[in-house]
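Work through the exercises below with the model open. Try each task before reading its solution.

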Amino acid sequence: MNFFICSLQVIRRTSRHLQAITVLLLMLKTVTLFGDVYRIRNGDNLLIAVIGQPEYNQSVQVRDDGRISYFGGDLQVAGMTTEEINTVISDFLLKEELVSNPVIMVSLVSQENAIYVGGAVKTPGRYVISPESDIDLYRAITLAGGMSETADVKQVQLIRFNTITHTDNDSKPNKMSDESGDATVKVDLFDLSTNQTSRNIRVYINDLVYVQQLSVIEVQGEVKTPGKLFVSNKISVADALARAGGFTQEADMTALVKVNSDGTLTELSVTEQFWKSVDKNRETISLTDGEVLFVPNAFKVEPIYVTGYVRTPGAHRVRGPLTLQKAIALAGGFENEANRDKVHIHRTDGTTIVHRFKPGIDSTLLFPGDIMEVHKKFLINWGIVSTAVSTIIAATNLIIYLTRD
């Protein structure tokens, strides 16, 4: 509401207020309600309005190369939200000195008979359906290629604008209201896990189906099946260990290491009885998105290798994972000739990562057995350059001398 009040104030200050009002009315009719979720695709039609500058209003179509033509500009827009395109067009108008202080409104021209599917699906986007089609929630997700491996089947939202009376015993409605208190958006949350009974959840035209992403955590070290786990929201440490197959015989169950998403480490010193009992501690110690649980070996301190242009290259024995910055510190720091911006990480599974190192904020980890290789930075040998330049000058002078009449 405040946005349109401000827009009308801008219009009143322009000499062409009738044209601007027409634009705003057209925008109200065609503006997409999914601008903050939907990303523009090839073939979409966009309405570009510059408030107070109607001569720069234009309707454009996104070409097959993902670009639009706009007043001599060739602008990449595919994959962006309308808010991001606002900024692109504003920057273009300012750079070309066409409009000073432009106020841009970009909207997706709504296509009739379409639904929107987004989130953790294989091909999110807008899908045209027949008004007579009986599209349910499962079929809508199928239109988008089905759920991705990171989809949370227990967290599927059906977002309905201009609320139509719709009831479902298993849904959890959440109404969003405007300033007048009238419901304009209804959000129903559904659990589509396999243990739920099948229901005919109807999806209507202009509805948005949004599948939430699962949280991704890792369990590494002395467990039987180390790797990534996809969980809904969070998981207790005990449950994460169970899903990783449990401890190996060499695991130190009393000295676990939790790697937080910011790269900091937390040691979990617990007794063996902790894993056998259900108490308050079991609920409070948990893992959330981006965190890693590392189980050290009880009988040995394992090496991490730092090689290349560091002061003390070689093996450095540790009890658990280290951030790159700590590993470099253990190796005495970079040498003067080291490439400080990029390192190579060789994992124990045989993969190699070329990683751009960001001191102070880098949370990438080295696990026992990993190798970090620091290469030499590219240096210009000015002696060779000087010699080459001198040779070229001498050769040029000789050619000029020989070609004189």
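**Exercise 1. Find how many bridges join S3 to S4, and describe the turn between them.**

Step 1. S3 and S4 run antiparallel, joined by four bridges. Strands pair if DSSP finds at least two bridges between them. Helices (H or I, at least four residues) and strands (E, at least two) are DSSP runs, numbered from the N terminus.

Step 2. Look at the turn. S3 and S4 make a hairpin with two residues between them. Phe71 sits in this turn, with a positive phi of about 50°. Phe71 is a residue other than glycine.

A word on the source: this is a predicted model, where local features need pLDDT of at least 70, side-chain atom pairs count only at pLDDT 80 or more, and totals for chains, interfaces and linings use all residues. Residues are numbered from 1 along each chain as its sequence is written, and side-chain values use heavy atoms, with hydrogens and water left out.

**Exercise 2. Sort the residues of S3 by face: covered or uncovered?**

Step 1. Recall the rule. In a regular strand, side chains alternate between the two faces of the sheet.

Step 2. Apply it. Ile68 and Tyr70 form the covered face of S3. Arg67 and Ser69 form the uncovered one.

**Exercise 3. Classify the ring pair of Tyr56 and Phe71.**

Step 1. A pair of aromatic rings is described by the distance of the centres and the angle of the planes.

Step 2. Set the cut-offs. Rings of Phe, Tyr and Trp (its six-membered ring) pair if their centres lie within 6.5 Å; planes under 30 degrees apart count as stacked, over 60 as edge-to-face and the rest as tilted.

Step 3. Classify. The centres of Tyr56 and Phe71 are 5.0 Å apart and the planes meet at 55°, so the pair is tilted.

Step 4. Tyr56 lies in the loop between S1 and S2 (58–61), and Phe71 in the loop between S3 and S4 (73–76), 15 residues apart.

Step 5. Check accessibility. Buried means under 20% relative accessible area, exposed over 50%, partly exposed in between (1.4 Å probe, protein chains only). Tyr56 has 14%, so Tyr56 is buried. Phe71 has 37%, so Phe71 is partly exposed.

Step 6. Widen the view. The structure holds five aromatic pairs. Ring pairs link Tyr56, Tyr70, Phe71 and Phe92 into a cluster.

**Exercise 4. Which residues have the most contacts inside the largest nonpolar core?**

Step 1. Define the set. A nonpolar core joins buried Ala, Val, Leu, Ile, Met, Phe, Trp, Tyr and Cys residues through side-chain atoms within 4.5 Å.

Step 2. Name them. The largest core has 26 residues, and Leu46, Tyr70, Ile89 and Leu93 have the most contacts inside it.

Step 3. Trace the suppliers. Elements giving at least two residues each include S1 (45–50), S3 (67–70) and H3 (82–95). H3 gives the largest share, four residues.

Step 4. Follow Tyr70. Its contacts (heavy atoms within 4.5 Å) include Ile48, Leu75, Ile89 and Phe92, not counting residues up to four places away in sequence.

Step 5. Note the second, separate core. This one has 20 residues, among them Ile115, Val121, Ala151 and Ile201.

**Exercise 5. Is Asn101 buried or exposed?**

Step 1. Locate Asn101: the loop between H3 and S5.

Step 2. Read its accessibility. Asn101 has 69%, so Asn101 counts as exposed.

Step 3. Check the backbone. Asn101 is not a glycine, yet has a positive phi of about 50°.
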